[in-house]
Amino acid sequence: KNKRIIKIKQTNSQDWILFKDLKLNKWNIYFEGIKSQSNNKKINSQRFNNYGITGCLNFLNANFSGSSITINKGECEDSINIINSKGDIDSIIVEDSFQDAIDLDFSRLRINSLIVKNAGNDCFDVSGGKYILNTGSLKNCGDKGLSVGESSELTSNNVFIHSSLIGISVKDLSIANLHDLKISKNEIC
């Protein structure tokens, strides 16, 4: 508690955690997942759990202020899912996601630094909110590097997308204000 560090380690690839109705002021959160014992990479039965939540690491009604989140090996539909939250996140680092690395829904968030490596689906997926991304590096996204949908607005600066199927997708009456965007080795820009 004094060091403001939370460490979470999965014991089963379908384990998940929910942080609800809280303020996170300068906390460092680490989530270490484990890979499923199965070599079958189809979407598993945990697309939505019994509570309708899709992430391994989930935040609902959270207020962020200068916190950092690091997640490795999320085996859920979303490695991290933030819903109906607001505030400033200093950094998010996600590596080796089964499907989406980061899914932000119905929130108003500013992210200073974002690093994603190896996502089975989207690296950064936002919907129904307003988002600011200061710097980002998104590499090896199985589908989209940036996915902006469901009437959301994304403003970004200095984002690099490398080796994804689609660099960026803006849809569903959404707006993307992108400054200094670099896309390389993607099948579709």
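Visitor: Which residues does Ile-132 touch, not counting residues up to four places away in sequence?
Guide: This is a predicted model. Ile-132 sits in strand β10, which covers residues 130–141. Not counting residues up to four places away in sequence, Ile-132 touches Leu-109, Arg-110, Ile-111 and Thr-155.

Visitor: Is Ile-132 buried, partly exposed or exposed?
Guide: A residue is buried under 20% relative accessible area and exposed over 50%. Ile-132 has 25% relative accessibility, so Ile-132 counts as partly exposed.

Visitor: How far apart in space are Ile-132 and Asn-177, C-alpha to C-alpha?
Guide: Along the sequence, 45 residues separate Ile-132 and Asn-177. In space, C-alpha to C-alpha, the distance between Ile-132 and Asn-177 is 9.4 Å.

Visitor: How many helices and strands does the chain have?
Guide: Read along the sequence, the pattern is β-β-β-β-β-β-β-β-β-β-β-β-β-β. The count for the chain is therefore zero helices and 14 strands.

Visitor: What percentage of the residues in the chain is buried?
Guide: The accessible surface of the chain comes to about 9200 Å², and 48% of this surface belongs to carbon and sulfur atoms. Of the 189 residues in the chain, the buried share is 47%.

Visitor: Which leucines does Phe-124 touch, not counting residues up to four places away in sequence?
Guide: Phe-124 is one of the residues with the most contacts inside the largest nonpolar core. Beyond four places in sequence, Phe-124 touches Ile-102, Ile-111, Lys-144, Gly-145 and Ser-147, among others.

Visitor: Is Ile-80 buried or exposed?
Guide: Ile-80 lies in strand β5, residues 78–83. Leaving aside neighbours within four places in sequence, Ile-80 is in contact with Leu-57, Phe-59, Ile-69, Ile-71, Val-94, Ala-101, Ile-102 and Asp-103. The relative accessibility of Ile-80 is 0%, so Ile-80 counts as buried.

Visitor: How far apart in space are Ile-80 and Phe-59, C-alpha to C-alpha?
Guide: Ile-80 and Phe-59 are in contact. They are 21 residues apart in sequence, and their C-alpha to C-alpha distance is 8.2 Å.

Visitor: What is the relative accessible area of Asn-81?
Guide: Asn-81 is also found in strand β5. Leaving aside neighbours within four places in sequence, the contacts of Asn-81 include Thr-54, Gly-55, Asn-58 and Asp-105. Asn-81 is buried because its relative accessible area is under 20%. The value is 3%.

Visitor: Which strand holds Gly-149?
Guide: Gly-149 is buried, with a relative accessible area of 4%. Among the residues that Gly-149 touches beyond four places in sequence are Val-126, Lys-171 and Asp-172. The strand that holds Gly-149 covers residues 144–149 and is β11.

Visitor: Where does Asp-172 lie?
Guide: Most residues other than glycine have a negative phi. Asp-172 has a positive phi, near 60°. With a relative accessible area of 41%, Asp-172 is partly exposed. Asp-172 lies in the loop between β13 (166–170) and β14 (175–184).

Visitor: What is the phi of Asp-180 near?
Guide: Asp-180 has its place in strand β14. At 45% relative accessibility, Asp-180 counts as partly exposed. Its phi is positive, in a residue other than glycine, and is near 60°.

Visitor: How far apart are the centres of the positive and negative side chains?
Guide: The chain has 23 positive and 21 negative side chains. The centres of the two sets are separated by 7 Å.

Methods:
Residues are numbered from 1 along each chain as its sequence is written. This is a predicted model: local features need pLDDT of at least 70, side-chain atom pairs count only at pLDDT 80 or more; totals for chains, interfaces and linings use all residues. Side-chain values use heavy atoms; hydrogens and water are left out. Helices (H or I, at least four residues) and strands (E, at least two) are DSSP runs, numbered from the N terminus. Buried means under 20% relative accessible area, exposed over 50%, partly exposed in between (1.4 Å probe, protein chains only). Accessible areas come from the Shrake-Rupley method with a 1.4 Å probe; for residues, only the protein chains shown count as cover. Lys and Arg count as positive and Asp and Glu as negative; His and the chain ends are not counted. The place of a charge is taken as NZ of Lys, CZ of Arg, CG of Asp or CD of Glu. A nonpolar core is a set of buried Ala, Val, Leu, Ile, Met, Phe, Trp, Tyr and Cys residues joined through side-chain atoms within 4.5 Å. Contact means heavy atoms within 4.5 Å.
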